[in-house]
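Dear colleague,

I am handing over the structure below, and after it I set out what was found. Please read the notes with the model open beside them.

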Amino acid sequence: MSTRRLPWFEKYRPRSLKDIVNQEEVKKTMEDWISKWLSGKEKRAILLSGPPGTGKTTMVHALAYDYGLELYEMNASDVRTASRIRETIGKALTQGSLFGFRGKLVLFDEVDGINVRADQGGIYEIVDIVKEAKVPIAMTANDPWDPKLRPLRDICVVVQVKPLKNRDIIEMLRRICNAEKVKCEEDALRLIAESSMGDMRSAINDLQTVAETGPVTRERVSLLSSRAHQYDMFRMVDMVLKANTVASATGVTRLPSFDWESFLLWLVENAAVAYSSSLVAMSDAYDNLSRADVLRGIMNNRQEWELMPYVLELMTSGVALVRDKPKLPFFIRGMRFPEKIRLLARTKEIRDTRDHIMHMLRVQLHESTSVIIRDYLPLIRTLIENNGKVIEVLAKSLGVSERSIKLIISPETVEEQE
Ligand SMILES: Nc1ncnc2c1ncn2[C@@H]1O[C@H](COP(=O)(O)OP(=O)(O)OP(=O)(O)O)[C@@H](O)[C@H]1O
């Protein structure tokens with residue numbers, strides 16, 4: 001195994017606003033806001049909201065760098081209670097700046113990560129801090145319409161950060177290829193950009209995955225993306241486990257490759273791996289997953305599709321927003337492919353043959369699967385046991401091999417079918 005690599009999105013994180021691709025309006029608003037603060041004409045905080053990987057956090061860092069400000073950074077998931085918020089931010093508000101800095105900038109990252117139930121009063125504490133603050137405060141959030149953020153929106157300069165355009169992403173990818181001396185096909189970069197859906201971080205990650213395993217050609221990129229289902233599953237499970245808000249947890253359900261039935265199996269397999277250090281978190285997660293599974297059963301049996309939002313909510317937010325959630329590392333070790341899917345894949349050939357034979361029998365006998373299993377299969381089995389020729393005739397008439405017929409009349413296969 002190779003040693004862990006430095007992710008390129010970190011290595012090439014822009015230091016200055018001038019290196020940020022696009023986002024011109026956002027940069028201008030931020031510069032105006034900080035200039036006014038520094039000349040005493042502004043008192044409000046700034047709230048940057050927009051989809052993941054569009055540069056919100058990076059732009060706040062770059063602003064501090066460009067204006068020579070000392071940056072105090074906090075993440076909502078690190079500071080979970082109101083008193084901890086005040087304690088941590090309080091230092092930034094009262095202590096003097098280190099020598100050489102012109103002033104301070106406080107960054108409250110992923111402010112929508114405050115779990116209202118668990119962090120009673122967290123948002124109101126921030127609202128109070130923002131109102132009283134003598135230093136500029138910048139905040140980032142994914143979902144600008146999160147109702148929980150309303151009190152904050154009312155007292156901040158709100159800036160909407162848009163997903164990046166494909167051409168911006170391609171420009172950055174090209175820069176990285178040049179710096180890494182990686183040869184790349186232009187078409188390959190375009191394909192990566194298109195599938196990133198405006199998320200620069202995921203585009204850079206994809207580029208690194210392709211570049212580290214061979215040449216960056218269109219063919220290899222599409223090959224990797226055809227295998228992306230499995231990769232996506234790991235990523236989507238990771239997104240849910242690390243989500244701190246309902247909006248970010250349920251966000252995966254809107255991804256084009258989201259397949260909720262497999263996803264449930266993936267979470268069942270991996271929630272224990274991620275939350276192994278907290279029994280409370282694990283039990284909350286599995287409580288909600290089993291509720292999701294029960295509802296799924298009711299929904300399937302009664303065809304009550306209106307239950308779907310509840311199933312999705314339980315299996316995403318219900319797993320993400322648990323009590324005593326451990327802080328998860330960047331790479332969650334030990335995440336694995338669900339055993340059930342592995343087993344189904346192994347027996348796929350058998351199931352396909354069985355389904356095909358059942359279909360042929362249904363067509364020829366004009367009967368339902370259950371009637372065939374109940375009335376016909378025992379008969380066929382007895383006939384075959386008593387006369388070796390029957391299997392040959394049956395195989396010919398159904399257009400399948402004799403081995404397949406044996407397979408379908410074996411009691412285990414029938415039990416599985418039932
Ligand atoms: N506009 C951009 N120009 C150049 N690089 C960018 C830009 N946006 C994002 N990146 C790259 O993507 C990485 C992730 O960006 P960043 O963490 O700032 O995103 P974010 O919007 O804060 O995401 P999240 O909401 O997930 O925290 C950065 O390290 C940087 O390499």
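Gly50 counts as buried because its relative accessibility is 1%, where buried means under 20% relative accessible area, exposed over 50%, and partly exposed in between (1.4 Å probe, protein chains only). Gly50 sits in the loop between strand E1 (45–49) and H3; helices (H or I, at least four residues) and strands (E, at least two) are DSSP runs, numbered from the N terminus. An unreviewed UniProt entry lists Gly50 under "binding site", together with Pro51, Pro52, Gly53, Thr54, Gly55, Lys56 and Thr57; such positions are given in the numbering used here, feature names are shortened, and annotations may be inferred rather than shown by experiment.

Please keep in mind that this is a predicted model, in which local features need pLDDT of at least 70 and side-chain atom pairs count only at pLDDT 80 or more, whereas totals for chains, interfaces and linings use all residues. Residues are numbered from 1 along each chain as its sequence is written, and side-chain values use heavy atoms, with hydrogens and water left out.

On the ligand, the shell around it holds 21 residues, of which Phe9, Gly53, Lys56, Thr57 and Thr58 come nearest; a residue is near a molecule if one of its heavy atoms lies within 4 Å of it. By class, the shell has 11 nonpolar, 6 polar and 4 charged residues, with Ala, Val, Leu, Ile, Met, Phe, Trp, Tyr, Cys and Pro counted as nonpolar, Asp, Glu, Lys and Arg as charged, and the others, Gly among them, as polar. Helix H3 (56–66) and helix H9 (200–211) each supply at least two residues of this shell. Because domain 1 (8–160) and domain 2 (166–227) both give residues to the shell, the ligand lies between them; the domain bounds come from an automatic or database domain assignment.

Polar contacts (pairs of N or O atoms within 3.5 Å; within protein, one must be able to donate a hydrogen and the other to accept it, and residues adjacent in sequence count only if both atoms are side-chain atoms) are made to oxygen of the ligand by a polar side-chain atom of Thr58 at 2.5 Å, by a polar backbone atom of Gly53 at 2.9 Å, and by an N or O atom in the side chain of Arg201 at 3.1 Å. Taken alone the ligand exposes 640 Å², and the protein buries 96% of that; accessible areas come from the Shrake-Rupley method with a 1.4 Å probe, and for residues only the protein chains shown count as cover.

Within H3, the buried residues are Lys56, Thr58, Met59, Val60, Ala62, Leu63 and Ala64. H3 is followed by Gly68, whose phi is positive, near 65°.

Glu110 has a positive phi near 50°, and is found in the loop between strand E3 (103–109) and helix H5 (122–132), where Glu110 is partly exposed at a relative accessible area of 35%. Asp324, which is not a glycine either, has a positive phi of about 50°; Asp324 is placed in the loop between helix H15 (308–320) and helix H16 (339–346), and counts as exposed at 52% relative accessibility.
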